[in-house]
Amino acid sequence: MTTLRIGIVGTGFIARTHVDAFRRACLLFPEVATEAVVEMVADVELDTARSFAARMAIPRASDDWRALVADPQVDLVDIATPNNLHFPIAMAAIAAGKAVYCEKPLALSTAEAAQMADAAAARGVPTFVAFNNLFAPSTQLAATLIRRGDIGTPVQFIGSFDQGFYSDPDLPASWRTRAGEAGSGALGDLGSHVVSIAQHLLGPITAAAAFDATIFPSRPLPASGAGYGAKATDAAARQPVENDDLVQALVRFDSGAMGSIGASRVVAGRVFGINWEVRGTEGTLYVENERANELHVFRMRDAGDDRGFKTILCGSQVDGFREGFFGFDYGGGGIGYFDVKVLEVRAMLLALRKPERWFCDFAFGRDNQAVVDAIAASARAGGVLQRVGAAP
Ligand SMILES: NC(=O)c1ccc[n+]([C@@H]2O[C@H](COP(=O)([O-])OP(=O)(O)OC[C@H]3O[C@@H](n4cnc5c(N)ncnc54)[C@H](O)[C@@H]3O)[C@@H](O)[C@H]2O)c1
């Protein structure tokens with residue numbers, strides 16, 4: 001049994017899911033053979049860090065992420081902060097020779113992401129980017145079916161991630177609406193997940209053309225609360241929204257496949273609207289993530305009277321699920337967002353024990369960021385086609 005001591009930076013929405021996932025991954029999956037101990041947490045205010053530590057039973061709290069990174073009791077630095085802090089925290093952790101688990105999008109630019117990937121490779125530290133959707137049983141099963149040829153050669157990907165949290169014009173401004181802290185808006189926050197699925201299932205994306213829009217140009221400053229739960233008073237001063245509320249891109253894959261990638265944070269009614277479809281020469285498959293347990297597959301090779309979309313309930317067919325959740329060899333047990341985070345952390349803990357490169361590392365995050373940047377550059381240029389990886 002290995003002990004892995006984690007220092008987590010940030011105490012917001014995603015930090016909670018990380019603490020939960022580290023604990024449940026170790027409890028449910030003996031094969032990780034790791035005791036993951038969340039040793040320390042850092043936030044801007046000491047009181048915030050302390051109250052999170054008390055609530056989550058974390059032994060130590062700090063108001064200085066640099067102290068957390070340097071702490072000899074921290075083996076892995078977990079970055080759960082606004083996007084602009086991913087780069088400096090990760091670079092400091094890599095320089096200290098620590099493993100890094102970083103939330104998405106990896107950075108504010110491809111140049112930063114490339115520096116992070118290069119530094120990690122040079123120092124030989126393991127890195128992980130939190131593209132949790134790749135560990136959803138539906139995505140894992142889709143990858144298996146695509147790899148074994150069930151839908152022939154993939155020729156088209158259609159995907160979008162739609163949420164409705166900013167469809168309320170009175171939801172206050174936050175780091176998410178400020179370009180210096182978030183980079184792009186819906187694109188980096190939500191669209192990067194869709195790009196990760198496209199990359200994973202169809203390979204590298206080489207070009208993009210896009211439009212974007214900011215639907216609500218200003219938002220009130222918050223009076224109380226934080227993140228999705230922030231509240232403003234009627235008299236609150238307003239702050240300009242500095243990035244996109246929605247984006248729509250056409251993309252070209254290295255394989256010759258094409259597709260569309262969209263994201264919106266202003267689709268009223270949507271919570272986890274990650275919907276995607278892969279169309280191949282011999283079939284089609286799709287997922288609507290608000291019904292996350294269902295993978296729909298159409299195979300041309302099915303006998304004529306048996307042809308039609310079939311719904312596979314996902315779960316126990318994929319790596320890990322059977323051991324930790326339901327022990328059947330077919331799906332039906334059900335899974336949700338927070339369980340997917342557990343499967344992601346399980347995979348990460350297993351990868352940490354192996355010498356091979358982990359697929360969802362900073363190099364993957366850098367390639368993801370390059371697509372995000374190409375989409376943003378095209379939208380800025382009014383839809384002009386951009387090559388992925390071209391200088392901004
Ligand atoms: N993978 C996913 O599904 C998913 C979902 C939500 C958010 N995220 C990502 O997680 C990250 C955080 O998002 P969130 O929703 O948790 O945001 P949040 O606003 O809820 O939390 C951010 C936290 O970072 C803290 N912070 C800010 N500056 C800091 C500093 N200098 N030192 C220490 N702490 C600092 C804040 O005080 C807050 O506790 C973002 O990169 C976001 O894109 C990923």
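Predicted model: local features only at pLDDT ≥ 70, side-chain atom pairs only at ≥ 80, totals over all residues.

Student: Why is H4 called roughly parallel to H5?

Tutor: Helix H4 (residues 86-95) and helix H5 (residues 110-123) pack at an angle of about 10°, and their axes are 10 Å apart. Angles under 35 degrees count as roughly parallel, so H4 is roughly parallel to H5.

Student: Which residues in H4 and H5 meet?

Tutor: From H4 come Phe87, Ala90, Met91 and Ile94, and they meet Glu112, Met116, Ala119, Ala120 and Arg123 of H5. By class, this contact has 7 nonpolar and 2 charged residues, with no polar ones.

Student: What makes H6 and H8 roughly parallel to each other?

Tutor: The axes of helix H6 (residues 137-147) and helix H8 (residues 186-202) cross at roughly 30° and come within 10 Å. The limit is again 35 degrees, and angles under it count as roughly parallel; H6 and H8 are therefore roughly parallel to each other. The crossing of H6 past H8 is right-handed.

Student: Which residues of H6 and H8 meet?

Tutor: Thr139, Ala142, Ala143 and Ile146 of H6 meet Ile197, His200 and Leu201 of H8. This contact has 5 nonpolar and 2 polar residues and no charged ones.

Student: What are the domains of the protein chain, and how many residues of domain 1 and domain 2 are in contact?

Tutor: The domain assignment gives domain 1 (2-132) and domain 2 (134-336 + 369-380). Their centres, taken over C-alpha atoms, are separated by 24 Å. In contact are 18 residues of domain 1 and 21 residues of domain 2. On the side of domain 1 that touches domain 2, helix H1 (13-28) and H5 are the elements that give two or more residues. The residues of that side divide into 10 nonpolar, 6 polar and 2 charged.

Student: How many residues surround the ligand, and which are the closest?

Tutor: The ligand is surrounded by 23 residues, of which Gly10, Gly12, Ile14, Glu103 and Gly227 are the closest. With 3 residues, H1 gives the most to this shell. By class, the shell residues divide into 12 nonpolar, 7 polar and 4 charged.

How values were computed: Residues numbered from 1 in each chain as written. Axes fitted to C-alpha atoms, helices over the stretch in contact; angles between N-to-C directions. Helix = DSSP H or I, 4+ residues; strand = E, 2+ residues; numbered from the N terminus. Parallel < 35°, antiparallel > 145°, perpendicular 65-115°, else oblique. Contact = placed C-beta atoms within 7 Å. Nonpolar A, V, L, I, M, F, W, Y, C, P; charged D, E, K, R; others polar. Domains from an automatic or database assignment. Near = placed C-beta within 6 Å. Left-handed = near helix turned anticlockwise from the far one by under 90°.
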